[in-house]
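Have a look at the model first, and then walk through the points below.

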Amino acid sequence: MSLSSALSIAQSALLTTSKQTGIISRNVADASNPDYARRQAVVTSTAPGARSVEIQRAANALLFRQNLSALSAWSGQSALYGGMDQLDLAVNGVDNASSLSTAIGNLQQALQLYATSPSDQNLGASVIDAAQLVVRSLNDGTKAIQDFRTQTDGEIATAVDDLNSLLSQFQDANKAVISGTRSGGDVSDALDQRDGLLKKISEYVPVSTFTRGDNDMVITTADGTTLFETVPRSVSFAPSPGYAAGVPGNTIYIDNVPVSAGAGGNTSANGKLAGLITLRDGVAATMQSQLDETARGLITAFAETAPSLPNKAGLFTWSGAPAVPPAGTLVNGLAGSISVNAAMDPSVGGNPTLLRDGGANGAAYVANTGGASYSGLLIGYGDRLDQPIAFDAAAGITKTSSVADYAANAIGWFEGVRQQASTTADAKEALAARTAEALSNDTGVNVDQEMSLLLDLEHTYQASARMMQTVDDMLAALFNAVG
């Protein structure tokens, strides 16, 4: 072997080692970046003594797809559970202290006390005060739910904007991958960026992908709707300035295809968008229906009756008074319009004794004609609160129940769904973490392994340097001999 050949081989070895060292240094520097895939320097011989370094990026398509799916499931579940916590606090207060069930329980106690001493007008006023608290719970609960739905609408609009922005960024990253692939350059950084954006996109909607020529990627949703193909498809949503009970929310469209909501505490909603729709039009809307049905039950329980005459609203009245709402039929927004009958409310000049005697709807409905100790109506109202009546199945809980039990069952329904949402959120979060860990273990950077490789390269560098030093000594000796 000539000295020039030996020098060329040593130089090639040093250059190759330098490139390998640079790749390992990059791996170590980005070891904590969850979107970084490990690079590997693959050395190939192109001619005797000549070498080239090809950069290969670690990838595992199966683990990556599993991680995307887990991220979508967790994001949808997290949106549902987080919103339910907020909704519960707004409607029921801390530990259900301001819940409708608590208010109805207090009304029953006040009514029982009044029935034991019907001549005590102060006890009568206390029943009216307790009824006012029930009404306030229904009115405030309705406002809180509809405000929550409006707020959730705003969150949906923000999420849609974020998703459109991510898709625009994905387009840029995809173009960089295609361009680099066509030119034969290293596209590892562009692939990292594209995969990182894909993870973020999957948090909003569940995605599926396939790759065409030149590494061009196409994204579809879980139901097959095209989300990205060369250019982003439109994700559109028109937020509402406000909501009323029974008014459905506006739809999110992806490429003119509506996004479906999920159902249940262990929600089938994958992705933040579906989770928020489930909150707005599922949980919150059902909660409102239960308030409306409880309000209807209260109006019915306290209605004034008279022989051969229709029942009319008594202690509790509403926008359709004096008629009583139809039996077993949901009236949207009833909980927001219910009020205490002014004829019995002393704060506006009413007379609480009308509750004891009857007559808020005229003389034909008077039951007590003079006895201050009369308690028949009061006892009857208490009995009606405990008697089963028909409720609309659209409200999501039992069809037949007493008003008091129905209000308690509404809290039980919500707490059951929330508990299931909490447990499932923890499970889905753990799955997302495990799939991310598995992906990282397979494609991420192991710093200990990289440092071991770096040590091996140091030995290779030293050997190449010694070869160059030997060639240099031999050349120096040759020049000295010629000179």
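**Aromatic rings and a packed helix**

F391 is buried, with a relative accessible area of 4% (buried means under 20%, exposed over 50% and partly exposed in between, using a 1.4 Å probe and protein chains only). This is a predicted model, in which local features need pLDDT of at least 70 and side-chain atom pairs count only at pLDDT 80 or more, while totals for chains, interfaces and linings use all residues. Residues are numbered from 1 along each chain as its sequence is written, and side-chain values use heavy atoms, leaving out hydrogens and water.

**The stacked pair**

- F391 forms an aromatic pair with Y406, stacked at 3.9 Å centre to centre with 15° between the planes; rings of Phe, Tyr and Trp (its six-membered ring) pair if their centres lie within 6.5 Å, and planes under 30 degrees apart count as stacked, over 60 as edge-to-face and the rest as tilted.
- This pair links distant parts of the chain, 15 residues apart: F391 sits in the loop between β14 (389-390) and β15 (400-401), and Y406 in helix α10. Helices (H or I, at least four residues) and strands (E, at least two) are DSSP runs, numbered from the N terminus.
- Y406 is buried too, at 0% relative accessibility.

**Other aromatic contacts**

- Across the whole structure, a search finds four aromatic pairs.
- F170 and F228 are edge-to-face, because their ring centres are 5.0 Å apart and their planes lie at 80°.
- F170 belongs to helix α4 and F228 to strand β5 (residues 226-229), so this pair ties together parts that are 58 residues apart in sequence.
- F170 is buried at a relative accessible area of 0%, and F228 is buried at 0% as well.
- F302, F316 and Y381 make up one aromatic cluster.

- The 17 residues of α3 (residues 100-116) should span 24 Å at 1.5 Å a residue, and the end C-alpha atoms are 25 Å apart, which agrees; the expected span is 1.5 Å times one less than the number of residues.
- Buried residues in α3 include L100, I104, L107 and Y114.
- Among the elements covering the buried residues of α3 are α4 (121-183), α6 (272-301) and α10 (403-443), where contact means heavy atoms within 4.5 Å.
- α3 and α4 pack at about 165°, with axes 9 Å apart. That makes α3 roughly antiparallel to α4 (under 35 degrees counts as roughly parallel, over 145 as roughly antiparallel, 65 to 115 as roughly perpendicular and the rest as oblique).

Definitions and conventions: Axes fitted to C-alpha atoms, helices over the stretch in contact; angles between N-to-C directions.
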